Each structure stands twice: as structure tokens, then as C-alpha cells.
Amino acid sequence: MSTSRSLAACRRLSGSCVALRHARCKASLAQRIPAEALSRGDFEVTPRHVEAYREDGVVHLPGVFSQEWVRYLQGAFHEGMQRPGKHAEFIAPGTTWDTMFQQDAQMRDVEMFQDQVFFQETEDRLPDWQPVIRSHAAEIIAKLMGSASVSFFYLHAILKRGGSQKAIPWHQDLPYWKVEGGQIGSVWIALDDMPLLASVRYIRGSHAWGLFRPQHFVDHSPYEGRDDLPSLPNVDELLKEGRASSLAYDVRAGDALCFDARIVHGSPGNPEVPGSQHRRIALRFVGDDATYCDRQGETAIPTVVVGKACLAFRSITRARQSK
Ligand SMILES: O=C(O)CCC(=O)C(=O)O
């Protein structure tokens, strides 16, 4: 989660349908995969997947994206680091709060990078992301959420290099977003193999716990003006006492983790050797019951860059879902 502050006005969503369109490809420099060559996956969402998503709040779907897709996405990720958004974070050892947003930061040896890409930006700043937001990921999350339609909210790109100790603390996504509803979820896609030790960890069933007050990841200070929500319980303590259990996964490039925006989750650094990288993207989608909401106080997403917040959602699957 970015710590950026949103000034965007919140509006009720009315997503407009857009036609399927593929962007030009800038995949890995060695071997480019044209977007036109990417096939829509035929991943079957089973009743067991739906049940796991509903009961646990998260489900691991192996091999949702083919190796061609993975190579394409790696290329798009590379482009994304070359043309970061205003709120991109390039976190190097010794990076301070003041320097992590500098636009030349990608030239440095970062241990962690993250950026958010909203729909408009996939039309101008980073068109290479268009194919993935229009991919079969949207249908998969719609089925898991039991939603007849699904709209794209934004794409979150994260890189942790080998040796990085940058953990992402326990949090829920939803309280950071100016969005409300029970059908809001992410399709998190691994662009590199990641062992269990590096896995995002999810607290099973915690999407049913209610919402907790967001905190800044950097110093754990609570978001201002959000004292309507209780503080997140001490999750490590709950785990230690056996009052909660966690789920983690050994993932391969192309695997997806689909999870509810209310589930408590977090991730360790990258325990692998320096030089290795763990790249992932999380596609945020909203379903039938989602609305923009003007949460009081500080929120992170959408960022001020989005401007007209109501343009951030785009309906992706209304037609396909009815098949
Ligand atoms: O990939 C990670 O390390 C964390 C992902 C996460 O927190 C999210 O997608 O909401």
C-alpha cells in the first residue's frame, strides 16, 4: 500500500464498458512477446475455489498465466519501472522518506519498488498493462466473488530484490481505499517463482473480522481522522496463541493468488540471494455491489494523480460473465 494521500473526490461508481483492445508489446528485451500472441487462458474456476475464496478469503490458483504471459508481464513490469508514476516508491537501503519518490530513483540499486497504475495511465503512461487488465483474470475474480460484472480499479506492481528485508506489515486493503462493498478483490500474479518463505501470508477467514484502522507502513502511525475504526489486533500474538491461523504458498511464475480486499495479509522481504528478484502485480477489481465512498480522513487510493476518481473503474466482464 502506498502511503500517498488521496485528495480525490469520491463518487458513486458507474463503470462504462470498454472494448477489448490489445496494446503494443514491449516485453523482455531479449525476447518480445507480441500482445496479440497472448491467448486468453481457459482456467476453470471450480466450486472448491469459490468455497475457499468465500471461507478463507484467499485461494491459490496455479498456472493461471502461461509462460508467454509471464514473459510479456515481465517486459511490462520493466517498462513500468522506467516510467514510474508520481507515487512510485523506489526503496533502497538508506532511502529516507524524503528521497523514495525521486524520479531518478530507479537508477539506484533499489531493494523494493512499488507503483500504482490506474486505468487512464494504461492508456497513456503504460499501455503495456492493457492486455492484463482485460485478461481472463477479470472473469476469474468475478466468478470467485459471485459477481455478474467486474470492473478494474487499479494495478499494483511490487518488486522485492533478493536480500531485501522490506516486509509489508499486516494490513487489510479495503480501509486504504475509497471503495466499499463485499465484492472487492485482487488477482495477485507472480512474475517470478517465490518460495514459501517469501510468500504473502494471509490470516484465514479474517475478511470476516470487520475493518480496522489503516496505518502507515513506514512508521506504523495510524491514518489521520480514521478513529471510527478500531486498531488492528496484534496478529502475531493471535497466531502465537493459536487464535488465528495463516495461509502461505509456494508460488511459481504465472500462479495467481486471489483474495478478498478485507483479508488481513502481509509479506516478508525476499530471503533469496542478492540479484534475484520477486516481481508481482496485484490487479484490483470491484464487483456488482462496489461503490466509491467518501471515507473520512486519510485514505491512500486512489492517489491524487487519478484526479477524476470516478474514471478509475472500468467495467471489464459484464458480457463475458454471462457465458
Ligand atoms: O506482494 C506482496 O508482498 C504484498 C501484496 C499486498 O499486500 C497486496 O497485494 O495487497
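1. Nine places in helix α2 deserve a first look: Trp69, Val70, Arg71, Tyr72, Leu73, Gly75, Ala76, Phe77 and Gly80 are its buried residues. A residue is buried if 20 or more other C-beta atoms lie within 10 Å of its own, exposed if 12 or fewer, and partly exposed in between, with C-beta atoms placed from the backbone. The cover over the buried residues of α2 includes β3 (112–118), α4 (130–133), β4, β7 and β12.

2. A word on the model. It is predicted, so local features need pLDDT of at least 70 and side-chain atom pairs count only at pLDDT 80 or more, while totals for chains, interfaces and linings use all residues. Residues are numbered from 1 along each chain as its sequence is written.

3. Back to α2. The helix runs over residues 67–82 and has 16 residues. From first C-alpha to last, α2 reaches 23 Å, close to the 22 Å expected at 1.5 Å a residue. The expected span is 1.5 Å times one less than the number of residues. Helices (H or I, at least four residues) and strands (E, at least two) are DSSP runs, numbered from the N terminus.

4. Next, β12. In this strand, 10 of the 11 residues are buried, so β12 is largely enclosed by the rest of the structure. β12 pairs with β4 in the antiparallel sense over 11 bridges. Two strands pair if DSSP finds at least two bridges between them. Lys160 stands opposite His278 in β12. β7 also pairs with β12 in the antiparallel sense, over seven bridges. There, Ser186 has Arg284 of β12 as its bridge partner.

5. Which residues are around the ligand? They are His156, Ile158, Ile168, Asp173, Ser186, Trp188, Val200, His265, Ser267, Arg280 and Ala282. The shell divides into five nonpolar, four polar and two charged residues. Here Ala, Val, Leu, Ile, Met, Phe, Trp, Tyr, Cys and Pro count as nonpolar, Asp, Glu, Lys and Arg as charged, and the others, Gly among them, as polar.

6. Now an open sheet. Four strands form it, in the order β5-β11-β8-β9, with antiparallel pairing. β5 (168–171) and β9 (246–247) stand at the edges with a single partner strand each, so one side of each has no neighbour in the sheet. β5 and β11 pair over two bridges. Ile168 has Ser267 in β11 as its bridge partner. Both Ile168 and Ser267 are also among the residues around the ligand.

7. Strand β1 (residues 58–61) points Val58 and His60 one way and Val59 and Leu61 the other, and all are buried. β1 pairs with β10 (residues 256–260) in the antiparallel sense over four bridges. Leu61 stands opposite Ala256 in β10.

8. Val50 lies in helix α1 (residues 47–56). Buried or exposed? Val50 is partly exposed, with 15 other C-beta atoms within 10 Å. Its C-alpha atom is separated by 7.5 Å from that of Met145, 95 residues apart along the chain.

9. Please check His220. It has a positive phi of about 65° although it is not a glycine. Most residues other than glycine have a negative phi. His220 sits in the loop between β8 (201–203) and α6 (235–240). His220 is exposed, with 9 other C-beta atoms within 10 Å.

Note on methods
A residue is near a molecule or strand if its C-beta atom, placed from the backbone, lies within 6 Å of it. Two residues are in contact if their C-beta atoms, placed from the backbone, lie within 7 Å.
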